[in-house]
Structure formats: C-alpha cells, structure tokens
Amino acid sequence: QVQLVESGGALVQPGGSLRLSCVASGRNLRTMAWFRQAPGKEREFVAAIRSSSSQPRYTDSVKGRYTLSRDKNTVYLQMNSLKPEDTAVYYCAAGTPILTTEEMAAYYNYWGQGTQVTVSS
C-alpha cells in the first residue's frame, strides 16, 4: 500500500514563498509530481521529477518561480513569487507514466489528500 502525505500549504501574500513537501511510503516510486486544482477548474499539472538526479519538468506558468527537488521518496516544491492565480489545492502524485504522459493525471496511480495554498492580500 502506497501512501502520500503532503504538508506545507498555507495562506501567503502575493510575492511570498511556500515550500510544500510530500513523503511517499510503501515502495519505491519512479515519478513523483505535483498537480493543483483551483475552484471550478480541472486538475492541472504543475511539475514532475523522476529521480533526485533527473531534471524536473514544469508547466509554463510556474517556470522560473517553482523548484521541484527530490530526496528518495520525498519531494519538495519550493514556490516563490506567488501570485493569486496560484491559489489551489495542491496534490502530490506518484506513478510510472512514460515521458510523454507525465503531465496527465490519469497516468498516476497514487495521490495524496491535498494541501491548500491560498495567495491573497
């Protein structure tokens, strides 16, 4: 049984920073990723990483502001220069998608419960 536990969500002012963490337990997982879902919107890909030595990939809207890193089965999402449009529930995911499907939620087998990030003044 694989479990993903996220932490780090909070209310932050525009321009601020947050660091999300996700710890996976149960077995080694190849790809770990973050998705987010804002109210009334579909869940969208944020970032993914295959191993601690691989290059992460990001959705365009967070490039240059977010940094994804990995230490074994723990991933960290450092979020800087946060904007109100970053407000969402952030979900950690894990699975074995191939490279061309890493941005598709359907290819991830395991999900965390989500952590709320609110960017507001």
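**Figure 1. Strands E4 and E9 pair in the antiparallel sense.** In this predicted model, strand E4, which covers residues 31-37, is joined to strand E9 over seven bridges. One place to look for this pairing is Trp 34, which stands opposite Cys 92 in E9. How many of the eight residues of strand E9 are buried? Seven of them are, so strand E9, residues 88-95, is largely enclosed by the rest of the structure.

**Figure 2. Strand E9 is also joined to strands E10 and E11.** Strand E11, made of residues 115-119, runs antiparallel to E9, and three bridges join the two strands. Within this view, Tyr 90 can be found opposite Thr 115 of E11. Strand E10, made of residues 108-111, likewise runs antiparallel to E9 and is joined to it by three bridges, and here Gly 95 has Tyr 108 of E10 as its bridge partner.

**Figure 3. Glu 102 lies in the loop between E9 and E10.** Is Glu 102 buried or exposed? Its relative accessibility is 2%, and because residues under 20% are classed as buried, Glu 102 counts as buried. When neighbours within four places in sequence are left aside, Glu 102 is in contact with residues that include Thr 31, Phe 35, Phe 45 and Ala 48. Arg 50, Arg 57, Pro 97 and Tyr 108 are also among the contacts of Glu 102.

**Figure 4. Strand E5 pairs with E4 and is joined to E6.** The pairing of E4 and E5 is antiparallel and extends over five bridges, with Ala 33 having Ala 48 of E5 as its bridge partner. The hairpin formed by E4 and E5 has six residues between its strands, and in this hairpin Gly 40 takes a positive phi near 80 degrees. On strand E6, residues 57-58, the reader can follow two bridges to E5, with the two strands running antiparallel, and Ala 47 stands opposite Tyr 58 of E6. Strand E5 is mostly covered, since five of its six residues are buried.

**Figure 5. Lys 41 is found in the loop between E4 and E5.** Strand E5, on one side of this loop, spans residues 44-49. With a relative accessible area of 59%, Lys 41 is exposed.

Figure 6. Most residues other than glycine have a negative phi. Lys 72 is exposed, with a relative accessible area of 71%. Ser 81 is partly exposed, its relative accessible area being 42%.

Figure 7. Leu 4 and Cys 92 are 88 residues apart in sequence, yet their C-alpha atoms are 6.9 Å apart in space.

**Figure 8. The protein chain as a whole holds 11 strands and zero helices.** A compact globule of 121 residues would have a radius of gyration near 14 Å, and the protein chain, at 13 Å, agrees with this. Taken along the principal axes, the C-alpha atoms fill a box of roughly 40 × 25 × 25 Å. Buried residues make up 45% of the chain, and among contacts with a separation of 6 or more, 59% come from residues 24 or more positions apart. The chain carries 13 positive and 9 negative side chains, and the centres of these two sets lie 6 Å apart. The accessible surface comes to about 6,400 Å², with 47% of it belonging to carbon and sulfur atoms.

Technical notes: Residues are numbered from 1 along each chain as its sequence is written. This is a predicted model: local features need pLDDT of at least 70, side-chain atom pairs count only at pLDDT 80 or more; totals for chains, interfaces and linings use all residues. Side-chain values use heavy atoms; hydrogens and water are left out. Helices (H or I, at least four residues) and strands (E, at least two) are DSSP runs, numbered from the N terminus. The radius of gyration is taken over C-alpha atoms; the globule rule is 2.2 Å times the number of residues to the power 0.38. Buried means under 20% relative accessible area, exposed over 50%, partly exposed in between (1.4 Å probe, protein chains only). Contact means heavy atoms within 4.5 Å. Accessible areas come from the Shrake-Rupley method with a 1.4 Å probe; for residues, only the protein chains shown count as cover. Lys and Arg count as positive and Asp and Glu as negative; His and the chain ends are not counted. The place of a charge is taken as NZ of Lys, CZ of Arg, CG of Asp or CD of Glu. Two strands pair if DSSP finds at least two bridges between them.
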